[in-house]
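User: I'd like to go through this protein with you in a few questions. Can we start with the overall picture and then zoom in?

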Amino acid sequence: MFQGLKNVFFSDNTTPTTTTNTTPKTLTNQTISNPPIKRDIGDINDYKNANYFNYYRILENKYYYLRDSIGLKNLSNTDTFKLIDFTIDCEMNNTCVASILKQKYSNNSNTPVEGIYKIPLAPYSVVSGFTVEYQDKVFIGKIKSKEKAQNQYSDSIASGGQGFLAEKTQDGQFSFRIGNLPPNENVTIHLTIISEVCPHLSSLHNCFHHFLFPKYSFNFQSNLNIKLTTPIKNIELLYYTNKEIKFKENSNRKEATLSFSSKNGIDDDIVCIVEPENDIEKPQSIIEHTKSKNTYAVSINFTPSFSHLSSDDVNQKSEFIFLIDCSGSMSGEPIKKAKRALEIIIRSLNENCKFNIYCFGSRFTKAFDNSKVYNDETLAQISKYVEKIDADLGGTELLPPIRDILSTESDFEYPRQLFILTDGEVSQRDCLINYVATESNNTRIFTYGIGNSVDTELVIGLSKACKGYYEMIKDNSNFEEQVMKLVSIAFEPTLSNIKIDWGTELQIEQGPTKIRPLYSGETLVVYALLKDNKIPQSTVQVSLIGNGPTGSKLEFPITLDFSKTIDYENNSVHTLAAFNIIKDLEEDERKGDHSNNRDRIEELGKNYGLISKYTSYIVTASSEQVTEETMKTIDIIKKPKYPDIEEQYDSAEYFPSHKRDQTIANLTNEMGQIKCIFNDLSRLILEQGCQLENIGDSTIEASTFAINAMPQKSNIFSKITSFLSLKSEVSTCESNCNSDIKSEEINNTLKSNSINSSDSLIKLIKLQKANGSWSSPFNEFKIDLSKKPSNIDNDDIWITLIVINKILNDYPTQQSQYDLVIQKASKWVKQQLTRLNISNQYDSLLATSKLYI
């Protein structure tokens, strides 16, 4: 049975269809309800924080030298090739952008030349057309199997002809080689790039990164034709003011054009932001009909609204996995804070969850072999695991536990959300980020970076690769609050276990086949190719089905009207459907599915002009005058003069792997210990207000560190070493600082009270049961059960109400830490009151119980 939720997902003018006549569930029957879930999710113009921009952010950080090498360029003579004109013509709809890039280069070489060229290509984009012009001739690229293309290219070059070979490199870039280009002949490159529209919050983006353009001046022209199925609220072009925006007459603001030009090249990103009207909250569809081949393709996009839901209404399933850095550098206050945060987090979960905890360092451990359903038994088991957590696992090896987690098949009934907490850095960071990106369809990652030495790119990259969020924790004083901020986001309403029911009239091939859970603010896009091109005479009803955030199955109707098909010039919907199907087939092979996917990948690649792991573009031509001079090969993608450390020592001859691994482990462990030393030292200085030069004169009980044998080359180092060679826990600091003693006593008292307050809060939270209640017998403080109202039949209800008041009353400054704990408790009480038919008395009972805390 599918149950629709009017006024929950939609504004007043949109309603999902139900398969029964059940009255839609509304939220107005409850007189007591938490306010709707609201969060500041950002600005639609802040494109650099959009998930789609992560590819370009990595490009800027890792391949910072790439822009100087874009296009055809001889590094030994920068005047060999020069971009003269660059034109981009785009067509944009709800789900796709088709872009034709035309680049004209001058060629000042006096000898035949082979140019090697790469252009960055985002993972949601694909090249579907490749044409080369020179000497008034046009050479059109054809897709062939990769081996045949390579052989044909080599044969053409060897015989003195001209050749163009284009492939997709393993790092996702589009690469082509131009062989035997005649001297002093200009060349024009045409690329057709089909890209998914980049959704960001309530807007659709089309972005061309500035790395696509050289730094010098050239003529540039951009034309964007926008055709949506919903009215357009606003169109904006960032950075460039000399733009022209026109809405097409009689289009109901669904069609518009945007154009701009420059005689001085391009300095910034080109970002067009289209903001549709709110109708995008219901599923939209496009049917593309290619008349030349009589084929059909469909795209569906959907951005649901969860704004009407309150936390009381959310009753969704989820899997929570917490991956905690327990390397040596986390010792001291960081690991204590992490454990305290975990104690709060695991009590914030509910009985609809599965959960697990991993600890990692040079090795990793886990609480359970596989995630377990949340209940009193598993909560008690994992609490014991948390108590034993310590910073005792050596170095920082993040890949093994992540591989262990992601290699486990996810349960689409329980969307998987992974929380990673680390203060360090890892080797092969980019490989790790690329690996987790392949699992973004079934796992959302949240990351916390602790301290000032954490690898910021690791923290941001892991979260962005899986469309999650990150938090940089620089100050331990706000540790728990920042941790709970992301946990709260993970509890926001979600549409999961999503499927498209195409009915029986349509035979389709869908891509992607597995649909990622739809989290708050995200947009779903699904494509399909119709098999055998058999279509019905009129309309077809299909459905988008999923598990709603209230726990009910939801069905959203979509009407496909085959009398209103569109024939886009570049077959953008067909192309992206084939592209997504190919990605699914390649992913099956990556995961070890040995089914014969190559034939289907090659077939789709050849039909729609797509490069894949098995196909390449090839253009060859016989030369009217055979080239006899030696051809120069130009590799325009050169790395900086100084390679990465990993590349310098990659050879086993110079640094055998077993020695390298052991050395890295030793260094990591020692650096972790040193970092702990200075963390403790800095914390002591801040707490006591001492000046560094006074430290040697203090009587301090501190940790024992094995560094006494290190050379002491300065007086200050001698003092630090002397300080570090004492005992473990800092208990006293008889300082000679010239601070006010009374002020210091006050500060120490406040700090002591804060610690005691935190400890007592944790004690209360740890007594909460998995269902959210506190139960009898309750001995943390005295509760008079004789005051329990007569209409309450369960002591636990009264106890839970009093504990809720106790926490709210005694710990007002720590509300962000226990919000989810209180929500769970409040929800349990309301369920019990509903059972007793007194659901409208929650507020009055809460107020009454407050009198007895």
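Predicted model: local features only at pLDDT ≥ 70, side-chain atom pairs only at ≥ 80, totals over all residues.

Analyst: Residues are numbered from 1 along each chain as its sequence is written, and side-chain values use heavy atoms, with hydrogens and water left out.

User: What percentage of the residues in the protein is buried?

Analyst: Buried here means under 20% relative accessible area, with exposed over 50% and partly exposed in between (1.4 Å probe, protein chains only). The protein has 17 helices and 35 strands, counted as DSSP runs numbered from the N terminus (helices H or I, at least four residues; strands E, at least two). Of its 853 residues, the buried share is 52%.

User: Which residues of helix α5 are buried, and how wide an arc do they fall within?

Analyst: Helix α5 covers residues 399-406, and its buried residues are P401, I402, I405 and L406. In general, an α-helix has 3.6 residues a turn, so residues three or four places apart point the same way. The buried residues of α5 line one face of the helix, because seen down its axis (directions from the axis to the C-beta atoms) they fall within an arc of 125 degrees.

User: Which helix do the buried residues of α5 pack against?

Analyst: Packing goes by contact, meaning heavy atoms within 4.5 Å. The strands on the list are β19 (318-325), β20 (353-360), β21 (364-366), β23 (416-422) and β24 (443-450). The helix is α6 (429-437).

User: Which residue does the side chain of K354 join in a polar contact of 3.4 Å?

Analyst: K354 sits in strand β20. Leaving out residues up to four places away in sequence, K354 touches S318, E319, F320, S371, K372, V373, D411 and Y414. A polar contact is a pair of N or O atoms within 3.5 Å; within protein, one must be able to donate a hydrogen and the other to accept it, and residues adjacent in sequence count only if both atoms are side-chain atoms. The side-chain partner of K354 at 3.4 Å is D411.
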